[in-house]
Amino acid sequence: MGGPEVEALIALLAKLPGLGPRSARRAALRLLQDPEGRMVALAAALEAARRAVHPCSRCGNLDSRDPCAICADPARDGSVLCVVESVSDLWALERSGVHRGRYHVLGGLLSPLGGLRPEDLSLAPLLARIAEGGVAEVIVALAATVDGAATGHWLSDRLRPFGVAVTRLAHGVPVGGSLEILDDGTLATALRARRPL
Amino acid sequence: MTAHFPSRPVPGAPEVAAGPLLRRLSIRQFRNYADLLWEPAGRLVVISGANGTGKTNLLEAVSLLTPGRGLRAARTETLARTPDPTQGPAPPGTAWAVAGRFSAGDGSFDIATGAPTEGVSARRILWLDGAKPPSQTELAARLAVLWLTPQMDRLFSGSPGGRRRFFDRLVWTLEPAHARAIAGAEAATARRNRLLAEGGADPGWLGGLEAELARHAVAATAARQTVLQRLAAATPANSPFPAARVTLRCPIAERLRSAPALAVEDWLRESLASARREDARAGATGLGAHRADMTLADAETGRGAELSSTGQQKALLLGLILAHAALVTAERGAPPLLLLDEPAVHLDRSHRDALFAALRGYPGQALLTGVEREAFAPLAGAASALRIAAGALAPDPAFPGPEPRWRL
Ligand SMILES: [Zn+2]
C-alpha cells in the first residue's frame, strides 16, 4: 500500500518506542496528508537535532552544548553525582527537579544473559571525574531489578578506593520498574530517602 | 446409574456467598475451544465428559486468570487452539483469549488474558477491568484460585521442583510478594550460573548477584515458613481428611529458625562467595531457595506421603487444599475459587463423601470435573451440571440442580 517509500517510512516509525506497526501507519499517514506543513518541519527538526546534539563529554547527557547545560551550570552541586542507566532516566530525574547535583550516564546495566559487560559501560569518565576531586557522594539511581542491583553493587565496589560515600535510591521504586516510568513524586521520595549502598 | 439422583432438585440449595464468583467465562481459540461463552450458575459446578473433550482445558482457562502458568504449567506458545481440519483452518495470527467476569460483594470485576497479536513476545498479558493492572499483586489481591489435578497425584513421589511450585503457589496466595522473591532469586541464580560458567567474572559483579540472590532467597524462605506455620495452625482438628504435616527441608529455613533474617542473608552471601569454584565446577548454584524441598506426612501416623497409596496421598492433598482454602478465606476475607480436576478418582468412598460434604458447606465457588457424573451424585441439588463434548458444553438434565446456562 502506497509504494516502497511509504513502507520504508512506516518501518522506521514503527521502530520508535511506543509506536507499534499500527500507530506507525497512522503517524505516517498523518505526515503524508500534510507534506508541506508537518513533514518539512519534522525533517528540518530531525536534521537540526542530528547536527547539534551530542553526548556530553563529562556526563553522557544529550545536549547541543558540550559540556551540557547541567554540567556547565555553576549553580549545580558538583559534590553530588547521580549515576543513571540512561539519558531517559536522567531526564526523568530532571523533570522531578529534586536532584540539585550533577549526573553520570552509565549507558546500560550489566547482564550476563546476552546483556552488557563491565567493559561496555561508561565507567572511566566517572572515575576520572571523581579522581579530579570535589565529589563527596555518588547516588546510584539504577532500576530495582536483579541486574540494576548487581550493577549498583559492582559500581560501589569500583568506587571503594576513592573513599566517596555511595548511596542508592530508597525502596519504593517498584521492583522491575525503570526510573523513566515513575511519576515525579515517587522519584523525589526515593531520592530524598536514599541510603548507603 | 441415574437411580442415584433424586427426581427433583432439592429446594433451598445454598445461595451465593461472599467472595468472587465466576459469572461469565469466554474462551476464544484456546486449546480445543474455538469460541465459548459460558455463564456458570451458582457455586458448585460439575462438568462431566469423556477424556479428551476439554474438561481440563476449561479449568486451565480459568486458572490463567491469575498470574503464573496455570494449572498445567504450560508455556504460553502452546495454548493457542490447534486448527481442526474438519472445521476449517483457524484465522492466521489469531491470538487466544480467556475472559472472566466475577461478582464480588455488590460489584463485579473482569479479568482477561491472552497472547498479543502484534509483536514477537511470547508472554501472555493479563487485564483487570479492561486495563493493564498496576501490578501482578493487584491482580492476585482480587482473585485467588487453588487447584487439584490428576498430575498432582504423583506430587510426593515426583521431583522436588513440582513440590516447590505447588507450595509456592499456596504461599503466594497469602503472601503476594512471594512471587517476586521467587522470580528475583531465580533470575539472580541464572545470572550467577552464567557468569561462573564463563569464568573470570568480575568479583564485584558476582558479589552483587550473590547479594541479590541472598536477599530474595531469604525473603522467599521466610514467606514459605510463615505460611506453613499458619497452615498447620489452621488445619481443623475434626477434619475427615488426614491432617497433613508439611516440613520445609532447606538449610536457609533451618538457620531462619534461630537467627534473624539479616544474619541469614549475610551467611548465605558469604557461603555463595566461598562456593564459587565448586559451583562453577558443578555448573549449578548449590545453595538457595531453588534447592528447598518439602515433605508431606500424615500428622497422626507420621507416615510420609511418598510411602502412602495414591488414594491416601490424594486425601492428604485434598485435606491440605481445603485447609489452605479455609486459611485464605479467613485471612483475605474471601474464599478462593477451587478448580478440582477429577477429584473423585482414587479417593475411597468415605473421603469422597467428606469432600462433597466440605464442598456443600464451602463459602466459595468450585468447578469440578469427572468422566462420570455418577461420582458426583452426593452433590445433586447443590451443583449445576454440564456435559462436555469436543469443546462444547450442554446442560446435563440427568443431574438435578440449579439450571445451568450456556451459550455457544
Ligand atoms: Zn554533562
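**Chat: helices, a sheet and a chain contact**

Mentor: Of the 23 residues of helix 9 of chain B, 17 are buried, so helix 9 is largely enclosed by the rest of the structure. Buried means 20 or more other C-beta atoms within 10 Å of the residue's own, exposed 12 or fewer, partly exposed in between, with C-beta atoms placed from the backbone. Helices are DSSP runs of H or I, at least four residues, and strands are runs of E, at least two, numbered from the N terminus.

Trainee: What kind of model is this?

Mentor: This is a predicted model: local features need pLDDT of at least 70, side-chain atom pairs count only at pLDDT 80 or more, and totals for chains, interfaces and linings use all residues. Residues are numbered from 1 along each chain as its sequence is written, while chains are lettered from A and ligands numbered from 1 in the order in which they are written.

Trainee: Back to helix 9 of chain B. How many Å does it reach from first C-alpha to last?

Mentor: Helix 9 of chain B (residues 310-332) reaches 32 Å, close to the expected 33 Å. The expected span is 1.5 Å times one less than the number of residues.

Trainee: And which residue follows helix 9 of chain B?

Mentor: B:Gly333, with a positive phi near 75°.

Trainee: Switching to helix 3 and helix 5 of chain B. At what angle do they pack?

Mentor: About 85°, with their axes 9 Å apart. That makes helix 3 of chain B roughly perpendicular to helix 5 of chain B. Axes are lines fitted to C-alpha atoms, for helices over the stretch in contact, and angles run from 0 to 180 degrees between N-to-C directions. Roughly perpendicular covers 65 to 115 degrees.

Trainee: Which residues meet there?

Mentor: B:Phe167, B:Leu170, B:Val171 and B:Leu174 in helix 3 meet B:Ala223, B:Arg224 and B:Val227 in helix 5 of chain B. Contact means C-beta atoms, placed from the backbone, within 7 Å.

Trainee: Now chain A. What is the strand order in the open sheet of 5 strands?

Mentor: The order is 4-3-5-6-7, with mixed pairing. Strand 4 (101-105) and strand 7 (195-196) of chain A are the edges, each pairing on one side only. Pairing takes at least two DSSP bridges.

Trainee: How many bridges join strand 3 to strand 5 of chain A?

Mentor: There are 5, and the two strands run parallel. A:Val80 stands opposite A:Glu137 in strand 5 of chain A.

Trainee: Which strands does helix 5 of chain A lie across?

Mentor: Strand 3, strand 4 and strand 5 of chain A, at about 130° to strand 3.

Notes: Contact = placed C-beta atoms within 7 Å. Parallel < 35°, antiparallel > 145°, perpendicular 65-115°, else oblique.
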